[in-house]
Amino acid sequence: MGQSNQQPECNAAQDDGQLLQAQTLTIGCHLSSAKGYTAMARTAVGIGANTFQFFTRNPRGGKAKALDPKDLEQFHTYAADHGITRILAHAPYTLNAAGASDKVRNFAQATFEDDLCRMDQATPHQMYNFHPGCHVKQGAEVGIDRIVEIVNRVVHEDQTTMVLLETMAGKGTEVGRSFEEIAQIIDRIQLSDHIGVCLDTCHVWDAGYDIVNDLDGVLDAFDRTIGLDRLHAIHLNDSLNPRGSHKDRHACIGEGTIGFDALSAVTRHPRLRSLPFYLETPNDLDGYAQEIARLRAAWDNAL
């Protein structure tokens with residue numbers, strides 16, 4: 001099939017505010033986008049966060065709300081005033097680029113294209129995370145072929161958004177259960193300078209990587225296979241399951257099998273500490289505020 005890297009008909013704004021203060025932990029959590037960008041930013045600041053993650057549209061559906069220019073104007077002003085320089089958009093779970101049917105893959109491509117267009121218009125120079133997908137018994141090689149095909153169609157030279165592949169736990173027929181599978185996708189993407197990785201601590205733990213007892217070894221393996229320069233964000237989650245379970249069940253920080261000390265060490269590691277961290281723990285806002293405060297205190301005390 002022919003591949004196209006033509007830019008969608010959106011006018012991408014320019015944004016120069018991408019400098020991170022080296023002595024500040026960049027941490028936030030997943031927030032509801034129901035009330036708009038400004039509301040998310042205000043909520044983030046209210047719980048002690050300086051970044052946040054959100055779904056681009058209904059995570060179990062496909063519809064996206066219309067962008068509100070007034071909300072976006074207020075958001076950019078508020079974010080600049082409160083040191084929010086990086087945010088992470090998350091694709092809906094229904095986006096399965098590795099799917100077996102034309103209908104599923106066509107939906108994935110259309111959603112992917114629309115999300116990238118909206119992001120370049122509304123929040124340029126930010127990040128878009130997606131689950132590589134499930135091959136649905138086609139086999140990982142076929143799944144990877146299909147993912148590469150769609151990414152090559154939707155990623156274009158002029159986009160400002162960094163597209164992140166998320167590391168997966170290996171549940172069912174998930175693609176991306178190993179660093180090698182992630183690397184196989186990236187290596188075949190034509191405009192790979194627009195592609196990075198979001199590492200999920202629960203997922204890599206459940207996939208078998210020992211971030212508790214050998215974090216340096218895991219990072220070395222990531223660097224050899226993918227390259228740490230590709231790592232742009234981290235989902236910081238504890239796990240309800242033992243290492244290698246391939247089950248993907250998140251736990252609150254310090255209440256799972258990874259534990260607070262190991263997860264705090266992830267945020268403080270010299271090779272990771274400048275990255276943004278996003279909590280996806282089963283929490284309410286008060287719980288997120290407590291996790292952020294505790295992790296921030298440990299990070300600050302280590303300076």
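Student: Which residues are buried in helix α8 (residues 260–268)?

Tutor: This is a predicted model, in which local features need pLDDT of at least 70 and side-chain atom pairs count only at pLDDT 80 or more, while totals for chains, interfaces and linings use all residues. Residues are numbered from 1 along each chain as its sequence is written, and side-chain values use heavy atoms, with hydrogens and water left out. In α8, the buried residues are F260, A262, L263, S264, V266 and T267, where buried means under 20% relative accessible area, exposed over 50%, and partly exposed in between (1.4 Å probe, protein chains only). Helices here are DSSP runs of H or I with at least four residues, strands are runs of E with at least two, and both are numbered from the N terminus.

Student: And what covers those buried residues of α8?

Tutor: The cover includes the helices α6 (201–207), α7 (215–225) and α9 (285–301), together with the strands β7 (231–236), β8 and β10 (276–279); contact means heavy atoms within 4.5 Å.

Student: Zooming out, how many helices and strands does the chain have?

Tutor: The chain comes to 9 helices and 10 strands, and of its 303 residues 55% count as buried. Among contacts with a separation of 6 or more, 79% are between residues 24 or more positions apart.

Student: Why does the radius of gyration agree with a compact globule?

Tutor: A compact globule of 303 residues would have a radius near 19 Å, and the chain has 18 Å, which agrees; the radius is taken over C-alpha atoms, and the globule rule is 2.2 Å times the number of residues to the power 0.38. Along its principal axes, the C-alpha trace spans about 55 × 45 × 30 Å.

Student: Switching to aromatics, how many aromatic pairs are there?

Tutor: The count comes to 9 aromatic pairs, where rings of Phe, Tyr and Trp (its six-membered ring) pair if their centres lie within 6.5 Å, and planes under 30 degrees apart count as stacked, over 60 as edge-to-face and the rest as tilted. One of them joins F52 and F75, whose ring centres are 6.2 Å apart with planes at 75°, so the pair is edge-to-face. Because F52 lies in strand β2 (residues 51–55) and F75 in helix α2 (residues 69–81), the pair ties together parts that are 23 residues apart in sequence. Both F52 and F75 are buried.

Student: What about F112 and F130, how do their rings sit?

Tutor: The ring centres of F112 and F130 are 4.9 Å apart and their planes lie at 65°, so this pair is edge-to-face. Since F112 belongs to helix α3 and F130 to strand β4, the pair ties together parts that are 18 residues apart in sequence. F112 is buried, with a relative accessible area of 0%, and F130 is buried at 1%.

Student: Now the backbone: what is the phi of H125, and where is H125 found?

Tutor: H125 is not a glycine, yet its phi is positive, about 65°, and H125 sits in the loop between α3 (102–122) and β4 (127–130). At 25% relative accessibility, H125 counts as partly exposed.

Student: And D248, buried or exposed?

Tutor: D248 counts as buried because its relative accessibility is 16%. Its phi is near 60°, a positive value in a residue other than glycine, and D248 lies in the loop between β8 (238–239) and β9 (250–251).
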